[in-house]
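Have the model open while you read.

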Amino acid sequence: MRQLALVTGASAGIGRSIAADLASRGYDIVGVGSSAKVEDLASELTQTVVHPVRADLSTREGVDQVWREVEALDRPLEVAALNAGRSLGGGFLDTDIEEELVMIALNITSQVLLAKHVTRRMSEQGHGGILITSSLSALTPTPYESIYGPTRAFMLSFAEGLREEMKEHGVTVTALLPGATATDFHHSAGMDNTVFGNNDWKNDPGLVARQGVDALMAGKDHVVGGDAKTRRSALLNRVLPDSVKARRFAKSSRPTP
Ligand SMILES: NC(=O)c1ccc[n+]([C@@H]2O[C@H](COP(=O)([O-])OP(=O)(O)OC[C@H]3O[C@@H](n4cnc5c(N)ncnc54)[C@H](OP(=O)(O)O)[C@@H]3O)[C@@H](O)[C@H]2O)c1
């Protein structure tokens with residue numbers, strides 16, 4: 001029987017490329033998105049079986065709906081790519097707290113809820129691989145995206161701890177840390193009037209996804225997603241003082257009037 005992968009945020013950007021990459025490696029896909037775009041996945045990935053699920057993962061009901069759909073297939077789950085996420089740009093004084101709470105629910109709470117289901121299922125099976133999308137933003141203060149960066153830092157730290165726990169159950173956990181990637185992500189975050197708002201200089205989502213899936217298949221603990229310059233930024237983020245990183249980040253994230 002073909003193997004099964006769950007991919008959240010599969011209707012666009014990095015998640016869509018992860019779904020396509022896994023499909024090309026022979027996986028059937030449960031692809032989750034919040035908009036009708038997720039329905040197009042089946043017509044795009046013709047070489048595989050796609051189960052599209054339209055659900056709002058920022059709600060408990062949405063997460064439960066996704067897991068019900070996985071359970072209904074009554075098949076082993078070999079891969080879970082917990083990737084759906086969003087940002088919100090702007091000065092903290094101006095941003096809407098309700099939007100920020102929804103972002104925390106999507107970027108953290110839904111990932112933890114899904115990970116609870118996925119780890120229990122995979123440990124019963126005795127095998128499986130989990131790919132958690134974090135970000136280079138996990139390694140730096142993120143002024144003018146002041147809540148987003150901490151949500152990615154949470155996911156990196158979560159992935160690192162979970163990885164150690166899951167070893168004895170035959171399950172691997174890999175964190176994907178993309179650098180800036182050319183998707184709708186920063187536009188959706190209301191950041192068109194920032195350096196991040198311009199997609200011309202960013203990484204290709206196909207490259208980032210391939211690096212993530214390669215690392216997942218190799219059982220690596222983490223991988224930086226992007227080109228050589230992105231990998232250099234990741235190294236710099238490991239050594240520069242936080243105050244320097246904060247100033248550098250603000251140059252790209254601060255809205256121009
Ligand atoms: N792009 C970057 O520069 C970058 C850099 C580092 C890390 N990342 C991380 O990479 C991940 C994917 O980002 P991306 O660039 O691919 O963004 P994207 O192109 O905006 O795609 C986001 C995906 O998440 C889904 N999604 C958004 N809100 C959702 C919700 N409430 N419920 C269910 N699904 C929802 C979207 O579904 P719909 O489109 O159907 O609404 C879409 O499939 C995120 O976790 C992000 O933090 C991105």
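Start with Tyr-148: an N or O atom in its side chain sits 2.7 Å from an oxygen atom of the ligand. That makes a polar contact, meaning a pair of N or O atoms within 3.5 Å. Here is that contact alongside two others:

| Side chain | Ligand atom | Distance |
|---|---|---|
| Tyr-148 | oxygen | 2.7 Å |
| Asp-56 | nitrogen | 2.8 Å |
| Arg-152 | oxygen | 2.9 Å |

On its own the ligand exposes 890 Å², and the protein buries 91% of that (areas by the Shrake-Rupley method with a 1.4 Å probe).

A quick word on the source: this is a predicted model, where local features need pLDDT of at least 70 and side-chain atom pairs count only at pLDDT 80 or more, while totals for chains, interfaces and linings use all residues. Residues are numbered from 1 along each chain as its sequence is written, and side-chain values use heavy atoms, leaving out hydrogens and water.

Seven of its seven residues are buried, so S2 is largely enclosed by the rest of the structure; buried means under 20% relative accessible area with a 1.4 Å probe, protein chains only. Strand S1 (residues 3-8) pairs with S2 in parallel over six bridges, where pairing takes at least two DSSP bridges. Gln-3 stands opposite Tyr-27 in S2. S2 also runs parallel to strand S3 (residues 50-54), joined by five bridges, and Ile-29 has Val-50 as its bridge partner in S3.

Key: Buried < 20%, exposed > 50% of the residue type's maximum accessible area, 1.4 Å probe, protein only. Helix = DSSP H or I, 4+ residues; strand = E, 2+ residues; numbered from the N terminus. Polar contact = N/O pair within 3.5 Å; in protein donor to acceptor, adjacent residues only side chain to side chain.
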